[in-house]
Amino acid sequence: MNFFNDCQINWLAIASSNDLLELLQLASIQRAIVGATLMGILGGMLGSFVTLRQLSFFSHAVGHAALVGVALGVLLQVNPTWMLLPFTLVFGVIVLYFIDKTDLASDSVLSIVLSGALAIGLILTSQIKGYRGNLMAVLFGDILAIDTTDLILTLLVLVGGSIFLLSTLRQQILLTLNPDVAQVQGIPVQLYRYAFVVLLSLAVAVAIKAVGVLLVNAFLVIPASTAKLMSHHFSRFLVLSVIVGSISSIAGIMVSGLFNLASGPSIVFVQFLLFLAVFIWFKLSLKAA
């Protein structure tokens with residue numbers, strides 16, 4: 001029995017006795033909490049720009065097309081994470097290039113490229129023989145499988161993204177609200193667009209191991225959408241999105257451990273419940289006013 005299975009058994013045994021203190025003493029759980037916090041902050045920060053720039057479908061396409069990278073990694077017997085990073089990066093840049101160079105609507109281009117990449121991914125997946133544990137973990141998410149390398153990669157993407165976005169925050173806000181005005185004011189719009197796509201693609205790649213290919217888009221969109229219900233002031237909206245992303249990720253891990261549920265769906269489910277709670281609260285508040 002491998003280390004991951006041992007961790008699963010230990011987690012389930014502890015969860016059944018509701019002993020959270022012992023649960024938190026497991027190294028795998030500690031890594032999962034650190035990873036969830038980092039990914040929650042990263043997802044909340046980028047999700048703020050994704051929702052306002054209407055790039056939700058873009059991140060959805062990148063996440064699902066990552067199946068090709070995962071399948072290639074399994075076929076070549078390489079860690080899927082090392083295949084995901086370059087593949088999602090190249091895919092994101094190519095898609096944006098296609099959108100810029102064709103007269104088709106962006107959603108049409110995304111649908112075409114997503115369908116093609118997904119078809120290739122399914123064909124490659126069908127060629128995988130024998131054990132498919134790594135593939136299934138990446139498809140549906142398994143935050144317990146996060147190792148030190150994953151944490152370092154996530155931290156690097158978070159630090160790099162934070163430096164880039166916060167150091168150019170005024171330009172990013174203007175580019176988000178009115179790209180034409182940003183262009184007139186001399187802001188390198190194209191450079192910033194491609195840089196953001198690179199950052200978004202890398203964020204999708206590092207988050208896939210925690211929440212899976214199928215749910216990675218929700219991981220970016222739901223916290224930001226929840227924060228948007230709470231505030232329309234950009235700075236406050238950005239901070240709230242980060243807080244919602246990190247707290248809901250940690251809560252999702254706890255739910256996953258206590259009720260023996262998959263980690264990725266548990267995190268997104270908590271985020272969904274939080275969104276519903278905030279939505280209902282503000283609706284009731286408006287009616288009461």
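**Exercise 1. What volume does the second largest cavity have, and which residues line it?**

Solution, step by step. Keep in mind that the model is predicted.

- Start with the volume: the second largest cavity holds about 30 Å³.
- The lining is made by Met-39, Leu-42, Gly-43, Ala-203, Val-206, Ala-207, Phe-219 and Leu-220.
- Now look for the elements behind these residues. At least two lining residues come from each of H3, H11 and helix H12 (216–230).
- Finally, sort the lining by class: 7 residues are nonpolar, 1 is polar and none is charged.

**Exercise 2. Find the largest cavity and describe its lining.**

Solution, step by step.

- The structure has 2 cavities of 30 Å³ or more, and the largest has a volume of about 40 Å³.
- Its lining consists of Thr-81, Leu-84, Asp-150, Leu-153, Thr-154, Ala-205, Val-206 and Lys-209.
- Two or more of these residues come from each of helix H5 (80–101), helix H8 (148–167) and helix H11 (189–211).
- Counting by class gives 4 nonpolar, 2 polar and 2 charged residues for the largest cavity.

**Exercise 3. Check the span of helix H3 against its number of residues, then follow the helix to its end.**

Solution, step by step.

- Helix H3 covers residues 27–52, which is 26 residues.
- At 1.5 Å a residue, the helix should span 38 Å.
- Compare this with the model: the end C-alpha atoms of H3 lie 38 Å apart, so the two values agree.
- At Leu-46, H3 bends by about 30 degrees.
- Ask how covered the helix is: 19 of the 26 residues of H3 are buried.

**Exercise 4. Is Gln-172 buried or exposed, and which residues does it touch?**

Solution, step by step.

- Locate the residue first: Gln-172 sits in helix H9 (residues 169–177).
- Read its relative accessible area, which is 0%.
- Apply the cut-off: buried means under 20%. Gln-172 is therefore buried, because its value is 0%.
- List its neighbours, leaving out residues up to four places away in sequence: Gln-172 touches Phe-49, Arg-53, Phe-164, Leu-165 and Tyr-192.
- Link this back to Exercise 3: one of the residues touched is Phe-49, and helix H3 runs over residues 27–52.

How values were computed: Residues are numbered from 1 along each chain as its sequence is written. This is a predicted model: local features need pLDDT of at least 70, side-chain atom pairs count only at pLDDT 80 or more; totals for chains, interfaces and linings use all residues. Side-chain values use heavy atoms; hydrogens and water are left out. Helices (H or I, at least four residues) and strands (E, at least two) are DSSP runs, numbered from the N terminus. The expected span of a helix is 1.5 Å times one less than its number of residues. The bend at a residue is the angle between axes fitted to the seven residues ending there and the seven starting there. Buried means under 20% relative accessible area, exposed over 50%, partly exposed in between (1.4 Å probe, protein chains only). Contact means heavy atoms within 4.5 Å. On a 1 Å grid over the protein atoms alone, a cavity is a set of points where a 1.4 Å probe fits but cannot get out, and a pocket is an open set with protein on both sides within 12 Å along at least five of seven lines; lining residues have an atom within 4 Å of a point. Grid points are joined across faces, edges and corners, and a volume is the space filled by probe spheres set on the points. Ala, Val, Leu, Ile, Met, Phe, Trp, Tyr, Cys and Pro count as nonpolar, Asp, Glu, Lys and Arg as charged, and the others, Gly among them, as polar.
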